[in-house]
Each structure stands twice: as structure tokens, then as C-alpha cells.
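Morning, everyone. I have one structure to walk through, and I'll keep it quick. Please have it open on your screens.

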Amino acid sequence: METRGIEQMFDFQRLPSDGLILLLLLLYSPIGLCLMLLRIFIGVHVFLVSCALPDSFIRRFIVRVMCSVLGLHVRQNSSRVRDKSVKLYICNHVTQFDHNIINLLTSCNTPLLEGPSGFVCWARGFLELGTVAGSRTELAQTLSGYCSAPGALPLLLFPEEDTTNGRAGLLKFSSWPFSVADSVQPVALTVKRPLTAVNVPESSWLTELLWTFFVPFTVYQVRWLLPVHRQEDEPLQEFANRVQELLATELGVVSTQITKADKAEHIKRKRHTVPHTTHTNLGARPRTIAQGFLGTSQGADDPRVVRMALQVKEVLPDIPVSVITRDLLKTNCVDATITNLLESTEQYHTESAESATSGPARPLISTTPSGAASTPTIKPAAKSFGKSLIDRQVSLQERKAALYEYARRRYIEKHGLEEES
């Protein structure tokens with residue numbers, strides 16, 4: 001799993017990074033707040049109209065026009081339309097309202113896989129299946145029985161099982177939706193909006209709805225692909241991969257092997273590591289992070305930096321505090337600073353008291369001449385920064401032990417003591 005690929009598939013920040021667009025967003029904010037309040041009032045009426053009118057082309061047309069007032073503009077390709085004989089639609093997942101958008105074009109049902117049931121499930125337009133076991137196999141059997149019932153509406157499923165930004169790639173398709181029916185019709189969905197991201201991980205559907213009302217408009221483009229039939233004796237996963245490749249080609253994105261679980265793990269790692277190391281990039285040393293990234297309040301006088309500098313000073317007593325602080329402002333990590341200073345080729349002069357009486361100070365790490373067997377040496381630093389926390393801790397403890405041994409030998413040499421066996 002490549003971190004770069006995951007970073008490109010999801011928008012982890014709602015606001016734009018471009019300064020000009022951010023300025024435009026600030027200027028638009030008063031208008032956006034007024035629009036949001038007005039659209040909340042109109043949205044209640046849209047909900048009441050959709051509940052009052054029976055499912056028909058007239059209701060879909062009226063609701064679609066009213067949704068355009070809410071800023072939801074839906075377009076579909078005119079060259080290909082849906083196949084009425086197909087009972088299963090397969091669509092990529094971009095926002096938490098994709099099923100509502102497809103419902104404005106054709107009648108279909110989407111089961112709620114996760115989240116609260118009851119009124120909220122019904123109000124959001126999901127199909128409530130009742131008490132269905134958590135296993136995907138049993139769920140697929142239930143949905144297969146639903147599709148085989150006469151007069152049942154088609155099902156709309158999202159094999160990615162989670163949202164992406166829709167610009168870089170598709171999450172790996174799960175195989176269980178393709179066991180519901182042998183024929184599926186892929187639906188390619190793209191979503192665009194100005195000023196802000198279309199979705200942000202770990203954001204609730206209510207928050208996404210308010211942002212949808214806030215921005216000027218959101219454009220949903222729906223493209224129906226030709227139906228795809230499962231070949232005889234074709235494994236479900238190969239069938240899923242084939243449909244995934246077709247959708248990826250239609251959307252102009254990459255078909256990846258990144259799963260929903262990989263996304264959740266990356267979000268957890270990002271949330272865990274950002275406050276401490278700012279950016280880890282799966283084990284890469286964060287030395288190259290710009291000092292300005294830490295903010296203006298993060299300086300040499302910051303109590304947190306001082307505390308970390310003291311921790312590094314305990315391990316590397318011969319390194320000047322100014323050098324330690326300078327590196328900490330770059331890495332914001334004790335482990336990374338220790339590694340950087342150990343691997344650095346720069347020669348630092350000792351701060352110990354002996355430097356005042358014994359002439360020129362010695363460098364922290366000195367090489368031992370071939371004839372001076374008593375001169376201590378330090379264990380070489382690791383060739384690379386550990387990718388996992390355990391590897392970094394083990395490497396740190398080894399270097400600590402070597403440095404303590406080095407300091408002990410220097411103390412014995414300085415005072416002319418005999419080393420105990």
C-alpha cells in the first residue's frame with residue numbers, strides 16, 4: 001500500500017491550500033452562510049414533497065428541479081441509458097448522497113450497511129433490511145432474494161464500501177455485491193464543486209449536507225455503462241475486478257488494490273502521528289519538514305521544545321543545546337533528532353567542563369587510533385530510520401547503551417580510575 005496513492009485518493013482538508021482560492025472563500029463566506037440558512041428551509045420542503053408524492057417520473061422531476069435550488073445539479077449522458085432488465089447497479093462512491101442522486105434519475109434502492117436504522121435510515125433514502133446478520137455472505141443472500149421477487153426495484157450498491165475524492169483511483173471492489181446478480185450495470189459518477197473538497201474522511205453526513213448547502217453548487221455527472229454479465233465459472237473477485245477496470249477506464253482513474261480497511265488504517269496512523277511528528281511518510285525521517293510548518297509559536301523558547309531538548313541532551317551530552325534545538329525545530333521529534341545528530345558528519349565541540357582546561361575540545365564521536373586500545377568508540381548509528389515504532393525504540397535503546405558506555409569510559413580515563421571487571 002503506497003502512502004502517496006492514498007494521499008491522492010482522499011482530501012484530508014476541507015479548505016483549499018491555494019491562497020487565492022482561500023481568499024475567495026473568505027469573501028464568499030457571508031453569502032454562503034445566507035445560502036445555507038435559506039437552503040435548509042427549502043430542504044425541509046423538498047423532503048416533505050418527496051414523502052408526499054408517490055414514486056413516479058413526475059416526483060423525480062419535481063424533486064430534481066427543487067434540488068437544483070439547493071445547489072445539487074445532476075447531469076447524465078444521453079448516449080447510453082439504463083437497462084431496465086438489469087436488477088443491480090454498481091457505482092463508484094464519492095459522497096454520502098450518491099444514492100439520492102441516482103434516485104433522481106431512476107427508481108432504485110440502496111441498503112444501509114452501517115449506521116443507525118429507523119427514521120434516520122428512512123429519511124436519508126436507504127432501504128432498511130431489518131435484523132440482518134453482519135456477515136456479507138448472508139447479506140448478499142438476502143439481497144439476492146430481494147432481487148428475485150417480482151416487481152422489486154433495482155438495487156444500487158457501492159462495492160468500494162467507502163468514499164474517495166473520485167479524481168485519482170478506485171478502492172478495491174468487494175466481491176460480495178457481485179453475488180447478488182449475474183448481470184450488473186456499472187454507473188460512473190463524478191462530482192465537482194468550487195472552493196472546497198467534495199468530502200472529507202470521518203465527516204458525518206449532516207456536516208457534509210451543511211457544506212453542500214454552503215457552497216454555490218455541486219455538479220453530479222452520471223454516466224451509464226453497458227451491462228456486464230458474469231461468465232460461466234468466473235470467480236466473483238475476477239468479476240468484480242473486471243467491472244472495476246471498466247469503471248476506472250470510464251472515469252480516467254486508476255484501479256487500485258487499496259481497501260476500505262487500508263483507508264481506515266491510514267487515517268488512524270495520520271491522526272496518531274501528525275501531532276507528534278507532523279509527517280512520517282511510513283518511516284521516512286521527518287528532517288526535511290520546513291520549520292514554518294510548526295507555526296510561529298513553536299520556537300527555541302517554547303516549553304515543549306525545551307523539554308524535548310533536555311531529553312536529547314541526556315542521550316547526547318556533548319551536543320550543544322543550540323544544535324539540538326535547531327534540529328528539533330525541523331523534526332519536532334526526539335527520536336528523529338537523535339538519529340539525525342548521530343548520523344550527521346558535522347563535528348560538534350563538547351560543552352563539558354574539561355573543554356575549558358584541556359585546550360581544544362574533542363568532537364562527540366572520535367575515531368580510535370590503531371595503537372590506542374583504551375580510547376572508547378561509539379557503536380555506529382543505524383543505516384536507516386526504522387519503519388515501525390518498535391524498530392525505532394530498539395535502535396534508540398542500543399544507541400543509548402553505547403553512548404552511556406562511551407561516557408563511562410571517558411570518566412574513568414579522565415580520573416585515572418581502574419575499570420572494574
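I'll take a helix pair, a surface patch and then the salt bridges. Keep in mind that this is a predicted model.

Let's begin with the helices. Find H2, residues 19-52. Now find H3, residues 57-69. How do H2 and H3 pack? Their axes are 10 Å apart, at an angle of about 175 degrees. An angle over 145 degrees counts as roughly antiparallel. That makes H2 roughly antiparallel to H3.

Who touches whom? From H2 come Arg39, Ile42, His45, Val46, Val49 and Ser50. On the H3 side they meet Arg59, Ile62, Val63, Met66, Cys67 and Val69.

Next, the patch. Leu53, Phe57, Ile58, Phe61, Ile62 and Val65 make a nonpolar surface patch. Its area is about 580 Å². Take Phe61, which sits in H3. Is Phe61 buried or exposed? Its relative accessible area is 51%. The cut-off for exposed is over 50%, so Phe61 counts as exposed. Note Ile62 as well: this residue is part of the patch, and it is also among the H3 residues that meet H2.

Now the charges. How many salt bridges does the structure hold? Eight. I'll show you some of them.

One is Arg167 with Asp11, at 2.8 Å, N to O. This pair links distant parts of the chain, 156 residues apart. Arg167 is in the loop between strands E3 and E4. Asp11 is in the loop between H1 and H2. The two ends differ in cover. Arg167 has 55% relative accessibility and counts as exposed. Asp11 has 14% and counts as buried.

Another is Glu208 with Arg14. The closest N and O atoms are 3.0 Å apart. Glu208 lies in helix H7 and Arg14 in the loop between H1 and H2, so this bridge ties together parts 194 residues apart in sequence. Here both partners are buried.

Then there is Arg230 with Asp182, where the closest N and O atoms are 4.0 Å apart. Arg230 is in the loop between E7 and H8. Asp182 is in the loop between E4 and E5. They are 48 residues apart. Arg230 is partly exposed, at 31%. Asp182 is partly exposed too, at 49%.

Notes
Residues are numbered from 1 along each chain as its sequence is written. This is a predicted model: local features need pLDDT of at least 70, side-chain atom pairs count only at pLDDT 80 or more; totals for chains, interfaces and linings use all residues. Side-chain values use heavy atoms; hydrogens and water are left out. Patches are made of residues with over 30% relative accessible area and no salt bridge: like charges are joined within 9 Å, nonpolar side chains (Val, Leu, Ile, Met, Phe, Trp, Tyr) within 5 Å. Accessible areas come from the Shrake-Rupley method with a 1.4 Å probe; for residues, only the protein chains shown count as cover. A salt bridge is a side-chain nitrogen of Lys or Arg within 4 Å of a carboxyl oxygen of Asp or Glu. Helices (H or I, at least four residues) and strands (E, at least two) are DSSP runs, numbered from the N terminus. Buried means under 20% relative accessible area, exposed over 50%, partly exposed in between (1.4 Å probe, protein chains only). Axes are lines fitted to C-alpha atoms, for helices over the stretch in contact, and angles run from 0 to 180 degrees between N-to-C directions. Angles under 35 degrees count as roughly parallel, over 145 as roughly antiparallel, 65 to 115 as roughly perpendicular and the rest as oblique. Contact means heavy atoms within 4.5 Å.
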